[in-house]
Amino acid sequence: MASTSALPRLNRLFAPDGKCFDVAIDHGFFNEGSFLSGIEDLRKVVPKLVEAAPDAIQLPPGSAPLLQAIPGKAKPALVLRTDVANCYGKKLPEYLYSKLIVDAVEQAVRLDASCVVVNLLILPNEPELHGECVENICELKPECERGGMPLMVEPLVMQENKTAGGYMVDGDLAKILPLVRQAVELGADVIKADPCDDVGEYHRVIEVACGVPVLVRGGGKVPDREILERTHALMAQGAAGIVYGRNVIQHANPVGMTRALMAVVHEGASPEDALSLIG
């Protein structure tokens, strides 16, 4: 359960209905050229997304000021990415790492963030990387407690890189469940987790999170109907919202897609009705 000191910021992250749609545009943090499609010029992308009015936008420290410099009280909350990893390429480097930025919570407070987010990665045969992520969370948690900063943990199970061809998540529920529980036990206030292969089983992820709100990752770009149907099904399973990046920022109409997803998350719109909002 989130500490009392974190509640004011959580109340800025989640809408009064307890739901949240966070648009992730922190991909430039990971030094992968393919991740930059759709976000080449963040000076244009961020204002467009603000216009579409999601609940939150997820950014690294370097680009977060683009959001926070926008005047007005109604803009989306900032979720600050706090760790850099090098495990997303088609060919893994010999040395894998996940490194926290220095004074992460202090930076988040200065940027008026509503939450910080950090990875909990599992890659086959890479236990050191997983251990490094655990250490990151253990370092970040007490800083968050002192600063009244909510901690979002992103449990991410990935497939064997050689088999999957690089950055392919593993939707095996048997692997997702214990990693989500580990994130909860490490002190997560919010979980950002992948969908499982059978979204009809996602209530088990909600259950193992023990009341910590679960926002579902979007993953790679898929057709509009597919992402809207998946989102609708996941919300019906008890998810508290979504964190989508490429399905928004790489869309031909990111504003329309944001509005469609907001309707599914907050109004329970059917995929068919949401499709009509994209334009």
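This is a predicted model: local features need pLDDT of at least 70, side-chain atom pairs count only at pLDDT 80 or more; totals for chains, interfaces and linings use all residues.

**Entry 1: α2 and α11**

I noted the crossing of α2 and α11 as right-handed. Next I listed who meets whom: from α2 there are K48, L49, E51 and A52, and from α11 there are V255, T258 and R259. Sorted by class, this contact of α2 with α11 holds 3 nonpolar, 1 polar and 3 charged residues.

A reminder to myself: two packed helices are described by the angle between their axes and the distance between those axes. I wrote down both values for each pair below.

**Entry 2: α11 and α12**

I stayed with α11 and looked up its packing with α12. Helix α11 covers residues 254–267 and helix α12 covers residues 271–278. Their axes come within 7 Å and cross at roughly 155 degrees. Angles over 145 degrees count as roughly antiparallel, and α11 and α12 are therefore roughly antiparallel to each other. The crossing of α11 and α12 is right-handed. On the α11 side the contact is made by G256, M257, R259, A260, A263 and V264, and on the α12 side by A274, L277 and I278. I sorted the residues of this contact of α11 with α12 into 7 nonpolar, 1 polar and 1 charged.

**Entry 3: α9 and α12**

What is the angle between α9 and α12, and how far apart are their axes? I read an angle of about 135 degrees and a separation of 9 Å. That makes α9 oblique to α12. I recorded a right-handed crossing for α9 and α12. D224, R225, L228, E229 and H232 of α9 meet P271, E272, A274, L275 and I278 of α12. The contact of α9 with α12 divides into 5 nonpolar, 1 polar and 4 charged residues.

I checked α12 against the previous entry.

**Entry 4: the nonpolar cores**

Which residues touch the most other members of the largest nonpolar core? I found that I25 and L121 do, in a core of 84 residues. Helix α7, residues 173–185, gives the most to this core, with 7 residues. I also noted a second, separate core of 15 residues, which includes L13, F14, V79 and V190. In soluble globular proteins, nonpolar side chains tend to be buried together.

Leaving aside neighbours within four places in sequence, I25 is in contact with I39, L42, V45, V46, L49, I57, Q58, L59, P60 and I249.

Most residues other than glycine have a negative phi.

N31 has a positive phi of about 60 degrees although it is not a glycine. I placed N31 in the loop between β1 (20–24) and α2 (42–52). N31 counts as exposed, at 73% relative accessibility.

N125 also is not a glycine and has a positive phi, of about 65 degrees. I placed N125 in the loop between β6 (115–122) and α5 (127–147). Is N125 buried or exposed? N125 has a relative accessible area of 67%, so I wrote down exposed.

M235 lies in helix α9, residues 224–236. Buried means under 20% relative accessible area, and M235 is at 13%, so M235 counts as buried. Apart from neighbours within four places in sequence, M235 is in contact with K19, A240, G241 and V265.

R81 lies in strand β3, residues 77–81. At 2% relative accessibility, R81 counts as buried. R81 and C115 are 34 residues apart in sequence, and their C-alpha atoms are 8.9 Å apart.

K162 lies in helix α6, residues 161–164. I noted K162 as exposed, at 78% relative accessibility. From K162 to R246 I count 84 residues in sequence and 23 Å in space, C-alpha to C-alpha.

Methods: Residues are numbered from 1 along each chain as its sequence is written. Side-chain values use heavy atoms; hydrogens and water are left out. Axes are lines fitted to C-alpha atoms, for helices over the stretch in contact, and angles run from 0 to 180 degrees between N-to-C directions. Helices (H or I, at least four residues) and strands (E, at least two) are DSSP runs, numbered from the N terminus. Angles under 35 degrees count as roughly parallel, over 145 as roughly antiparallel, 65 to 115 as roughly perpendicular and the rest as oblique. A crossing is left-handed if the near helix is turned anticlockwise from the far one by less than a right angle, and right-handed if clockwise. Contact means heavy atoms within 4.5 Å. Ala, Val, Leu, Ile, Met, Phe, Trp, Tyr, Cys and Pro count as nonpolar, Asp, Glu, Lys and Arg as charged, and the others, Gly among them, as polar. Buried means under 20% relative accessible area, exposed over 50%, partly exposed in between (1.4 Å probe, protein chains only). A nonpolar core is a set of buried Ala, Val, Leu, Ile, Met, Phe, Trp, Tyr and Cys residues joined through side-chain atoms within 4.5 Å.
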